[in-house]
Amino acid sequence: MTKKLILILSIFFTLSTSAQQEAMYHVFQRSFFDSDGDGHGDLKGMQQKLDYLNQLGVTTILLTPLYQSDFYHNYFATDFDAIDKEYGTFKEYRDLITEVHKRKMKLYQDVEMQYVTGKHPWFADSYKNPKSQYSKYLYYNDKANEKPWYFWDVAEFTTYDNLKEQIIVVNMKDPKVKEYTLKVLKYWADPNGDGKFDDGVDGYRLDHMMDNLDNANKLTNLFKDFWTPILTGLRKTNPALQIVAEQADWNSYGHEYFTKGNVDRVFAFRLKQAICTFDKKKIEKAADSTFLYNPAGKQQVVFIENHDTDRFASEPGMNIGKLRIGAALNLLIGGVPSIYYGQELGMKGKRVQHASDGTDIPIREAFEWYAKEDGPGMATWYKDSGLWWDNRNMKPDDGISLEEQQKDPNSLWSYYRQLIKLRKTWYALSKGDYKTIPNTSDKVFSFVRTFEMEKVLVVINLSPDTEEVLLDPYEDYSIAHLKLLSGTPNVKLPRDGRYVTLPPYAVQVWKF
């Protein structure tokens, strides 16, 4: 068998198995686990917690940016080629990714290469210096390089710890910028250049991807002129790489990112927004649009919270029943599910209005490993920082910690584990087609997932009331003849099983 055929078969196997079983875990690594006691979550800490992620059942880890930055979240680089020292060394990165791959898991990196800070060498050398070798790397509004295009036209930003920073737009039309971007992304995909990819990243999340950057009509047609050539070049390095785009317009289904942007996946923002309403009609409409109009081979990433949104547990009127419904929709409705770290515990957090980049710290707090607030590895890098620490969501002995929930088979954490296992067990739930199933209740959402001869029915009572419902009045089948995979065993099935009586917030999963 030739090496080329082996590579093709390996890529096919990787793509097919990942499509079947992938469950993503989105980590804000600075807040996850601290291995060296400096309060900052780091790469070695991620490695030390891989067994936890295995236990939970996730298969893919999505990290926020690793590169050096003056911002705590590491968007807006000062050096794309260097790992933030608080995260660790390149060796520690290699050790992490080696251990990830040993466990048959994958690692994705978040990147945003459209902007740099005022301390980046490109800006330091080119500002007021048109003769700089980096003069065309950044977007200047004048020939003297005295008027840079600042991010959102704001000349100065304030960090959560009251430092002042500049953010400058990269000139994505410059050929050398495109060449450099491709070089950087290729490097992380195959650091030693041996074509094996065991030491390389498995995918990228492209933050704030736009065709017309910031809708300013200065850098336009970026899908065709910038992203498509770069992604085509990346896939020549490793055809199995998965490219996930964050659409800048959160009200968009993102279909143009598939057809014009050459990406593999987009985030299902409209579905996330609908799920948070617990409104059946809105969820049905968003689900149909999310799953029924994607090009072949393209996928939506389904989530209910991330590093830019309020925590699901802090949505108005939230309770444990709704948290379980959110988990079920996140993991069973379709696409590639993404769990934001701590979501499986019901961690809380809401964005705050503040004139600094600390706005999002409440939704990026330390993962709660222990019942008490403190313990080895707690990544409380924002400790004693004033507002962010004084108003933290983390409370001792409130039931929202891994230590407390691992002991309880009825905890939210245990439910997430159960659903992830269920999704891995049945192909219909991990790669099956989605179809809404009509019923006679305005408060019950029902759908089927079908893969080849396997078919699974999911029925969810979105309300705090007991609901008796007739499922699919147009089809003559009885739930009494189906196999219960998950849910309350003693749900009533009156009238030969064509009706079902659901307790408040019930989630039932049956196999045909």
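Close-up 1. D225 is partly exposed at 25% relative accessibility, where buried means under 20% relative accessible area, exposed over 50% and partly exposed in between (1.4 Å probe, protein chains only). The model is predicted: local features need pLDDT of at least 70, side-chain atom pairs count only at pLDDT 80 or more, and totals for chains, interfaces and linings use all residues. Residues are numbered from 1 along each chain as its sequence is written, and side-chain values use heavy atoms, with hydrogens and water left out. K173 forms a salt bridge with D225, with 2.8 Å between the closest N and O atoms; the term means a side-chain nitrogen of Lys or Arg within 4 Å of a carboxyl oxygen of Asp or Glu. The two residues are 52 apart and link distant parts of the chain, K173 being in the loop between β9 (167–169) and α6 (175–189) and D225 in helix α7 (residues 222–237). Helices (H or I, at least four residues) and strands (E, at least two) are DSSP runs numbered from the N terminus. K173 is partly exposed, at 32%.

**Close-up 2. Helix α6 and its N-terminal cap.** The 15 residues of α6 reach 21 Å from first to last C-alpha, close to the 21 Å expected at 1.5 Å a residue; the expected span is 1.5 Å times one less than the number of residues. D174 caps the N-terminal end, with a side-chain oxygen 3.1 Å from the backbone nitrogen of K176. Buried residues of α6 include Y180, L182, L185 and W188. Among the elements that cover the buried residues of α6 are β4, α4, β10 (203–209) and α7.

**Close-up 3. The salt bridge between K119 and D70.** The closest N and O atoms of K119 and D70 are 3.8 Å apart in this salt bridge. K119 lies in the loop between β6 (115–117) and α5 (121–126) and D70 in the loop between β3 (67–69) and β4 (77–83), so the pair ties together parts that are 49 residues apart in sequence. K119 is exposed at 53% relative accessibility, whereas D70 is partly exposed at 28%.

Close-up 4. D95 and K91 both lie in α4 (residues 90–102), four residues apart, about one turn of the helix. An α-helix has 3.6 residues a turn, so residues three or four places apart point the same way. The closest N and O atoms of the D95 and K91 salt bridge are 2.9 Å apart. K91 is exposed at 58% and D95 partly exposed at 29%.

**Close-up 5. A network of salt bridges.** D51, E99, K102 and R103 are linked in this network. The model has 24 salt bridges in total.

Conventions: Contact means heavy atoms within 4.5 Å. A polar contact is a pair of N or O atoms within 3.5 Å; within protein, one must be able to donate a hydrogen and the other to accept it, and residues adjacent in sequence count only if both atoms are side-chain atoms.
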